[in-house]
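Here are my notes on the structure. Please keep the model open while you read, and check each point as you go.

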Amino acid sequence: MNKALVWFRNDLRIEDNPALLNSSKDNNVIGIYFEASEQRIKHYDSVSKIGFTYDCVQDLKKELKALNIPLLIFTVRSYQDIPEQLLNIVKNQEISSIWFNNEYLINEIERDILVEKTFLSYGLSVHRFDADMIFSPNSIRKPDGRPYKVFTPYKKAWVRHHKLMDIEVLPRPKKQNFELSIIEDSNQDFSRDYRKDLWPAGSKLANIRLQKFLGKVDKYRVSRDIPSTSGTSMLSPYLAVGAISVKQCVQAIRNYYFTVPESFYTDTWLSELIWREFYRQVIIDNPQLAKHHAYKPDVLEPWVFNSELFNAWKHGLTGFPIIDAAMRQLKQTSWMHNRLRMNVAMFLCKLCQVDWREGEKYFMESLIDGDFASNNGGWQWCSSTGADAAPYFRIMNPTTQSKKFDPKGDFIKRFVPELKSLDAKSIHDPSTVQRKKLKYPMPIIDYKKSRQLILKLLA
């Protein structure tokens with residue numbers, strides 16, 4: 001039987017993995033994973049994400065071993081080093097084909113084109129699949145073939161497409177008849193520290209988390225906005241590294257609403273997953289976004305860089321309790337509640353007038369679920385520079401948001417403990433006396449003046 005090489009990237013799972021499943025049908029499979037250290041730095045990936053990825057790779061290795069599929073783990077400097085490494089493995093193991101699932105950012109596309117050309121030049125076969133989206137890229141288009149630029153019509157088209165398609169979650173491959181001992185193991189260490197208590201690694205735990213969340217998915221519409229409660233799925237890190245697929249998530253919601261199918265299409269969490277699809281398609285249609293360009297070419301960008309304001313924002317010392325609590329949550333857990341991501345982003349780029357690119361970069365450097373398409377889409381939405389972005393005059397008032405979504409100050413007290421003695425009224429905007437007594441900073445900006453200024457600059 002021929003040997004096939006399966007190259008794992010952001011698809012660290014054995015279920016719903018088309019490259020793995022299809023390669024295993026007529027071949028003995030060897031898996032491989034590359035950790036590109038310098039590429040990580042260029043992409044601003046966080047230490048937490050790297051550590052989480054390492055543990056998910058180790059979990060994948062155990063699952064593959066149970067199927068008699070070895071997984072080789074190598075560290076390289078950059079993507080440019082990968083083709084040669086792959087060829088060495090192919091020659092040593094007499095492999096005839098390589099199989100992998102596509103990625104859609106510029107560097108990854110260039111890497112894959114180079115690998116494909118290299119393999120074909122040696123007479124080796126290359127098999128590529130789409131596994132990161134429900135539908136293949138460019139499937140959801142306007143009737144005239146142009147891409148959607150606004151989410152709502154995109155979602156409507158997505159729903160129409162879904163109703164016509166039989167979406168299949170692929171099974172795991174069968175156990176192969178292969179002697180693991182003939183493969184010299186490679187398990188190069190790129191582990192890092194992160195909050196393993198919050199983010200236990202691996203596909204099994206991702207699926208357990210998914211099933212637990214389904215018990216409250218119908219309450220997500222309301223609970224997702226309350227940061228003090230456990231109202232979100234907490235699956236974003238697993239989706240970011242592919243320990244679970246978006247197709248598995250969508251199929252699980254569909255099964256939950258099996259008796260009321262129309263409730264499935266109006267589900268709020270499903271809508272969030274479709275936003276993920278939308279931002280991926282936006283990146284595919286506009287590759288220049290990966291080069292720090294605004295989606296709207298003629299948009300006004302009156303940003304200035306104020307290091308004092310930026311550093312106060314980064315460290316949760318802005319004097320706005322809900323903003324500081326959110327930024328400290330990010331620092332302590334490598335994750336932030338989605339409602340608060342919008343709050344802190346608008347605060348930085350619209351009220352502090354700091355370029356959204358600085359915030360986008362800091363988020364990628366800090367988040368365990370750093371995902372370029374979603375992160376870029378979110379920051380450009382908040383700064384009014386992106387696809388279907390918030391209008392320039394939409395600016396979230398941090399104090400109003402705090403009172404509405406953390407009315408008792410429970411979330412603030414958790415992450416800004418110096419304010420825990422304050423009552424539910426004063427905790428959202430402590431008085432000058434209270435701030436001095438509790439050693440909490442004065443506001444770094446005047447909200448009303450900052451709002452008036454940015455409206456004038458963006459109008």
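1. Start with a term. Two strands pair if DSSP finds at least two bridges between them. With that in hand, look at Ala36: its bridge partner in β3 is Val76. Keep in mind that this is a predicted model.

2. Now the whole sheet. Five strands form an open sheet in the order β3-β2-β1-β4-β5, and the pairing is parallel. β3 and β5 (residues 125–129) stand at the edges. Each has a single partner strand, so one side of each has no neighbour in the sheet. Neighbouring strands are turned against each other by 25° on average, with direction ignored.

3. Next, strand β2, which covers residues 27–36. How many of its residues are buried? Ten of ten, so the strand is mostly covered. In a regular strand the side chains alternate between the two faces of the sheet. In β2, one side holds Asn27, Val29, Gly31, Tyr33 and Glu35. The other holds Asn28, Ile30, Ile32, Phe34 and Ala36. The residues on both sides are all buried.

4. The partners of β2 deserve a look. Strand β1 (residues 2–8) pairs with β2 in the parallel sense, over seven bridges.

5. Trace the chain from β1 to β2. Helix α1 (residues 18–23) belongs to this stretch. β1, α1 and β2 make a right-handed β-α-β unit.

6. Which strands does α5 touch where it packs on the sheet? The answer is β1, β4 (97–101) and β5. The direction of α5 makes about 150° with that of β5.

7. Stay with α5, which runs over residues 106–121. It has 16 residues. From its first C-alpha to its last it reaches 23 Å, close to the 22 Å expected at 1.5 Å a residue. Its buried residues are Ile106, Glu108, Arg111, Asp112, Val115, Thr118 and Phe119. What covers them includes β1, α4 (82–93), β4 and β5. After α5 comes Gly123, with a positive phi near 75°.

8. Ser203, Ala206, Leu210, Phe213 and Leu214 are buried. Seen down the axis of α7, the buried residues fall within an arc of 105°, so they line one face of the helix.

9. What do the buried residues of α7 pack against? Their partners are α3 (47–65), α8 (220–223), α9 (236–241), α10 (246–256) and α12 (268–285). Now turn to the face of α7 away from its buried side. It carries the exposed residues Lys204, Ile208, Gln211 and Lys212.

10. Ser245 sits in the loop between α9 and α10. Is Ser245 buried or exposed? Buried means under 20% relative accessible area. Ser245 has 2%, so it is buried. Setting aside neighbours within four places in sequence, Ser245 is in contact with Arg13, Asp16 and Leu239.

11. Exposed means over 50% relative accessible area. Val222 and Glu277 are 55 residues apart in sequence. In space they are 22 Å apart, C-alpha to C-alpha.

12. Last, Glu38 in helix α2 (residues 37–42). At 36% relative accessibility, Glu38 counts as partly exposed. How far apart are Glu38 and Ser78 in sequence, and what is their separation in space? They are 40 residues apart in sequence and 5.5 Å apart in space, C-alpha to C-alpha.

Key
Residues are numbered from 1 along each chain as its sequence is written. This is a predicted model: local features need pLDDT of at least 70, side-chain atom pairs count only at pLDDT 80 or more; totals for chains, interfaces and linings use all residues. Side-chain values use heavy atoms; hydrogens and water are left out. Buried means under 20% relative accessible area, exposed over 50%, partly exposed in between (1.4 Å probe, protein chains only). Helices (H or I, at least four residues) and strands (E, at least two) are DSSP runs, numbered from the N terminus. A crossover is right-handed if, with the strands pointing away from the viewer, the path from the first strand over the helix to the second runs clockwise. The arc is that of the directions from the helix axis to the C-beta atoms. Contact means heavy atoms within 4.5 Å. Axes are lines fitted to C-alpha atoms, for helices over the stretch in contact, and angles run from 0 to 180 degrees between N-to-C directions. The expected span of a helix is 1.5 Å times one less than its number of residues.
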